[in-house]
Amino acid sequence: MTDRARGWKILVATDGSRSAERAVAVAAGMPWPYGSEVKVISVVDPLEGMPETIAARRARDEKVAADARARLEKAGAKVSSAVPLGSPARTILEAASEWGAGVIVVGARGLGAVRGLLVGSVSSAVARAASSSVLVVKGDIRTPIRAVMALDGSSDARAAARRLAELRAAGNAVTVVRVVEPLRVKTLGLLPRRVADPLRAEVARATEELRKAAERDVREIADLFRDAGWKAEAVVRSGVPADEVRAAARRANASLVAVGPRGVTGLERLLLGSVTERLLVAPGISLFIGR
């Protein structure tokens, strides 16, 4: 087993909504590395809640932060809190950066969500733009954790796996999955046989090489989790990546899917990878975007 992971700094964002309260409850129950500390932040948005005064909103948010802090302290965490004034997404991101947070925990709704959306606008912006890991809580995350780690061959996904493996609890289990998308040449049937047959053989060879690389990838990352004390299964699937990852989560009865971000660099730009983006807005299962 690898050495014990160093403690994390965990920033928990809450606005008192039901979704945010669930995120607080999940943060209280997660097996964070020994020595971790938590900071609760509840942002007073000066543009929200008119004609309610800023003072009234601050008093409300101070109570929200105090309640969340009490719940986390009861779970044994070392907790501080802050109730800053500003634009929620930007203020959360700035607070995380200034404090050096390793992960931001947010609820999927609330925090500025529009009714009917699967992910609130603030939660979504934080997930896309944070430089730290982000845990988007959409449902209860049971302990021991049952997770799916989605790989795509990138260094981002490997870094996310290393990060997730630091969450250690007896009985944690992970399905490490990589999906190989079938290679197809749409015009193959229109080509002469003397051209189509060699091309078909080349497509089959390239597909087999992709599968072999995927098998090496999942075995290596599964070993990483085993070294950290997790039970790990390595799986390679063929199909549409986001669909296959969600299917793997259902089969494993997982309450968490972990992915890499694929190059998130700015608040105003949609820079998550396509699979991560689809999993972010999908209902039901919580998403850990590891960085």
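Mentor: This is a predicted model, in which local features need pLDDT of at least 70, side-chain atom pairs count only at pLDDT 80 or more, and totals for chains, interfaces and linings use all residues. Residues are numbered from 1 along each chain as its sequence is written, and side-chain values use heavy atoms, with hydrogens and water left out.

Trainee: Which residues touch the most other members of the largest nonpolar core?

Mentor: A nonpolar core is a set of buried Ala, Val, Leu, Ile, Met, Phe, Trp, Tyr and Cys residues joined through side-chain atoms within 4.5 Å; buried means under 20% relative accessible area with a 1.4 Å probe, protein chains only. The largest has 47 residues, and those touching the most other members are Trp-32, Leu-135, Met-149, Leu-164 and Phe-225. Apart from this core lies another, of 39 residues, among them Ala-96, Ile-104, Val-136 and Val-259.

Trainee: Is Ile-92 buried or exposed?

Mentor: Ile-92 is found in helix 3 (residues 88–99), helices being DSSP runs of H or I with at least four residues, numbered from the N terminus. Not counting residues up to four places away in sequence, Ile-92 touches Leu-11, Ala-13, Ile-41, Val-43, Ile-104, Val-122 and Val-126 (heavy atoms within 4.5 Å). Because its relative accessibility is 1%, Ile-92 counts as buried.

Trainee: Which residues does Phe-225 contact beyond its neighbours within four places in sequence?

Mentor: Phe-225 is also one of the residues touching the most other members of the largest core. Its contacts, leaving those neighbours aside, are Met-149, Ala-161, Leu-164, Ala-165, Val-174, Val-176, Trp-230 and Ala-232.

Notes. Helix = DSSP H or I, 4+ residues; strand = E, 2+ residues; numbered from the N terminus. Buried < 20%, exposed > 50% of the residue type's maximum accessible area, 1.4 Å probe, protein only.
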